[in-house]
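Biologist: Could you walk me through this model, charges and loops included? I'll ask, you answer.

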Amino acid sequence: MILLDDLVTRVRSYHPNADVDLLEKAYLASASAHRGQMRKSGDPYFIHPTSVAGIIAELHLDVASICAGLLHDVAEDTEISVAAIEKDIGREIAQLVDGVTKLGNLTFQSKEDKQAENFRKMLVAMARDIRVLLIKLCDRLDNMRTLDSMKTEAQERISRETMEIYAPLANRLGISWMKSELEDLAFKYLEPDAFASLSQKVQRTKKEQDAYIAEVVKAIELRLAEHGFAVNVSGRSKHLYSIFRKMTAQQCDYEQVYDVLAFRVLTESVADCYAALGVIHSKWTPVPGRFKDYIALPKPNMYQSLHTTVIGPGHERIEVQIRTHEMHRVAEQGIAAHWRYKEKHQGPGGGVAEDEAKKFTWLRQLMEFQKELKDPAEFIDSVKVDLFQDEVYVFTPKGEVRVFPRGATPIDFAFAVHTQVGEHCVGARVNGAIVPLRYKLRNGDSVEILTSPNQHPSKDWLDFAVTSRAKSKIRNYIRAEERDRSKKLGEELLERELHKAGVSLSKLVKNDVEVRRVVEDLKLSSIEELYIGLGYGKVSPQQVIDVLTPRSESGKFSVAKDVREGFVEKVVRKISGKDGGGIRLNGIDDILVRYAKCCNPLPGDEIVGFITRGRGITVHRRACGKAFEADPDRRVEISWDSKAKINRPVQLKVVTANRPGILATVGSTFHGMNVNITEANCRADDQGRAVNMFTFEIGDVNQLKGVMRALGKVQGVVSVERV
């Protein structure tokens, strides 16, 4: 546990005039609030907020941030409210605590929805004050450091969220050490076997690596000193998850991974950076295509450095990063390196200089998306796309630099310019040549968008749009079109059915009392929503007739309205089949379902259903990209029927070394897991690998994970991936 005196010493080391009394007040308030509470590990709970405060101090943030770190769980886990914190400690700290506090009092349809809404709330608070996000990252880092005592399922869930959201956020904020540590900790729980194996391999070569690093550091220092440069040189092995990613991308073992070692040269000035680069290239041969100039073109998180890969001593590939001392401070601390201490923080960013805060425009863009995207699952998906960072730098016709995710196309460029430009985009001229909309932008491309008033977005665009802005705008356009079509269809259906019942639609819409009675009875907001519901198939014309004419002279509607069969039951009865498919809709089983081929859901997967006209419910995995393309109005919450015993086909891609007997070993592993392969497709590639596609039937996702783990342990298996 970090004691108060230790915390005060840390803060005063970088902020001599810190308000120590306020820090002491928050420390004692947190200790009192958490008294008697224990963590899953058996340790006193108060250890956690003090550790979070310690990490915040490592980032050199202000006293208010550290106080909020000490109190960040008080409002959620104790009886002390945010209002009480505001009264006793101060408004600024209370607002920070409120921004970090989860949404504990609301109910959500799924864990994913809750995660999305928690993140949405954090974004709203973050727009007012970036410190909210920094505190949340420090909280997540300490939780990851102490994850051992949690259940396996919780470890996997928290680690996946960390890998998908929080590590990329740390990267976006430019805090490189935190990003690396979060990734390694998440890797440990998501891929425990791969983590243990790689850790052992790295440890075995550590002594040789340390000796090689010392040799290269000395060589660089001597070479640069000969040319009159005053530099600091250091070397390190890249972190475990970075190496694992290279192994996966290159489909090779640890021993075959290039440039595992990185060397850092810190110079006095920008001019020295470029001059030192020339000296290093004159000493060792540079690898073509591996030079990146992030000084002239900084990353969006303000990272600046020169990167080059050279053939170093012993013919080893090594990466060399060259930057100034100030650039290095920014690379390590990110936005926290630009902190400004003020008596009163003014404007957005809570203490970040205004000119620096402007560089984090992506935060504002995320805020705009949280307003536009009402569907939680789609929102969290768009956030993941925006956070994962592997960028290309392209130019507008005026020479302005625009940054896009790798794989972005002219469609993404067009929507970044303006929504209207994107919606009417027919093609692009890149470097003077006409290219199709599917063209993938490359570094240095000069892009000009071609438009036509007759062009409109289509579903095909979603296959090659990459940015969440472009995808969101395309989906919105398509959904608006679908709503218009459904509205017209619904109006036609209603008019036809009302005519059979002897009711005039034109007279009905003029009668405000009757219209209000219909829409209120069917729990709709307007006659327009009624038409759309009819067009989608969510409402039936018979329901409207039942409201208008609860009984007829012929006795056709003789059943009392309050006991008449509801719409969902009617739909289920009409479309139900003998095979329930193992799906339940609002507690009703035995419904007609179709499983989406795009994601092939298995029992145990998080799923969502969509009403499909005439074909019952289509089931997608909740994380499936295709599910986001469908209109949220047609979404229904469904669940697996625990009573149903069903086997579903699934396909695994197993990449192995191409050597005799490996296929037999893999086959016996399937047999040992009591799994029967129904189809196998095996081929060798040019890199000494074998790519094997196995199709088989399996009962649930836990059984599949067991098979994947068993295959991953087979000697010679490089990767196992669910297709």
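**Charges, loops and contacts**

Modeller: Let's start with N600, which is buried because its relative accessibility is 16% (buried means under 20% relative accessible area, exposed over 50%, partly exposed in between, with a 1.4 Å probe and protein chains only). Before we go on, this is a predicted model, where local features need pLDDT of at least 70 and side-chain atom pairs count only at pLDDT 80 or more, while totals for chains, interfaces and linings use all residues. Residues are numbered from 1 along each chain as its sequence is written, and side-chain values use heavy atoms, with hydrogens and water left out.

Biologist: Where does N600 lie?

Modeller: Its phi is near 50 degrees, a positive value in a residue other than glycine. As for the place, helices (H or I, at least four residues) and strands (E, at least two) are DSSP runs, numbered from the N terminus. On that basis N600 sits in the loop between β13 (593-595) and β14 (607-612).

Biologist: And N431, what is its phi near?

Modeller: N431 is found in the loop between β9 (425-430) and β10 (433-435). N431 is a residue other than glycine, and its phi is positive, near 55 degrees.

Biologist: On to charges: how many salt bridges does the count come to?

Modeller: Side chains of opposite charge can pair when their charged atoms come close. The rule here asks for a side-chain nitrogen of Lys or Arg within 4 Å of a carboxyl oxygen of Asp or Glu. By this rule the count comes to 18.

Biologist: Take D142 and R39: how many residues apart are they?

Modeller: They form a salt bridge, with the closest N and O atoms 3.8 Å apart. D142 is in helix α9 (residues 131-145) and R39 in the loop between α2 and α3 (47-58), so to speak distant parts of the chain, 103 residues apart.

Biologist: Why does the pair of D62 and R131 tie together separate parts of the sequence?

Modeller: Their side chains meet in a salt bridge at 2.7 Å, N to O. D62 lies in the loop between α3 and α4 (63-71) while R131 is in helix α9, so the pair ties together parts that are 69 residues apart in sequence.

Biologist: Why does R131 count as buried?

Modeller: D62 is buried, since its relative accessible area is 5%. R131 counts as buried too, because its relative accessibility is 1%.

Biologist: Which residues are linked with D62 and R131 in a network of salt bridges?

Modeller: D62 and R131 meet in a salt bridge of their own. The network of salt bridges links D62, R131 and E92.

Biologist: What about K487 and E528, how far apart are N and O?

Modeller: K487 is in helix α22 (residues 468-500) and E528 in helix α25 (residues 527-536), 41 residues apart. K487 is partly exposed, because its relative accessible area is 27%, and E528 is partly exposed at 36%. Their side chains meet in a salt bridge, N to O, at 3.2 Å.

Biologist: Which elements give two or more residues to the negative patch?

Modeller: Patches are made of residues with over 30% relative accessible area and no salt bridge, with like charges joined within 9 Å and nonpolar side chains (Val, Leu, Ile, Met, Phe, Trp, Tyr) within 5 Å. This one is formed by D5, D6, D19, D21 and E24. The elements that give two or more residues are α1 (4-14) and α2 (20-33).

Biologist: What is the relative accessible area of D6?

Modeller: D6 has its place in helix α1. D6 counts as partly exposed because its relative accessible area is 39%.

Biologist: How many disulfides does the structure hold?

Modeller: A disulfide is a pair of cysteine sulfur atoms within 2.5 Å. C273 is buried at 0% relative accessibility, whereas C682 is partly exposed at 36%. The number of disulfides in the structure is zero.

Biologist: Last one: how far apart in space are E316 and Y212, C-alpha to C-alpha?

Modeller: E316 is in the loop between β5 and β6 (317-324), and E316 is partly exposed at 44% relative accessibility. E316 and Y212 are 104 residues apart in sequence, and in space their C-alpha separation is 9.9 Å.

How values were computed. Areas by Shrake-Rupley, 256 points an atom, 1.4 Å probe, with all protein chains shown as cover. Lys, Arg positive; Asp, Glu negative; His and termini not counted. Charge placed at Lys NZ, Arg CZ, Asp CG, Glu CD.
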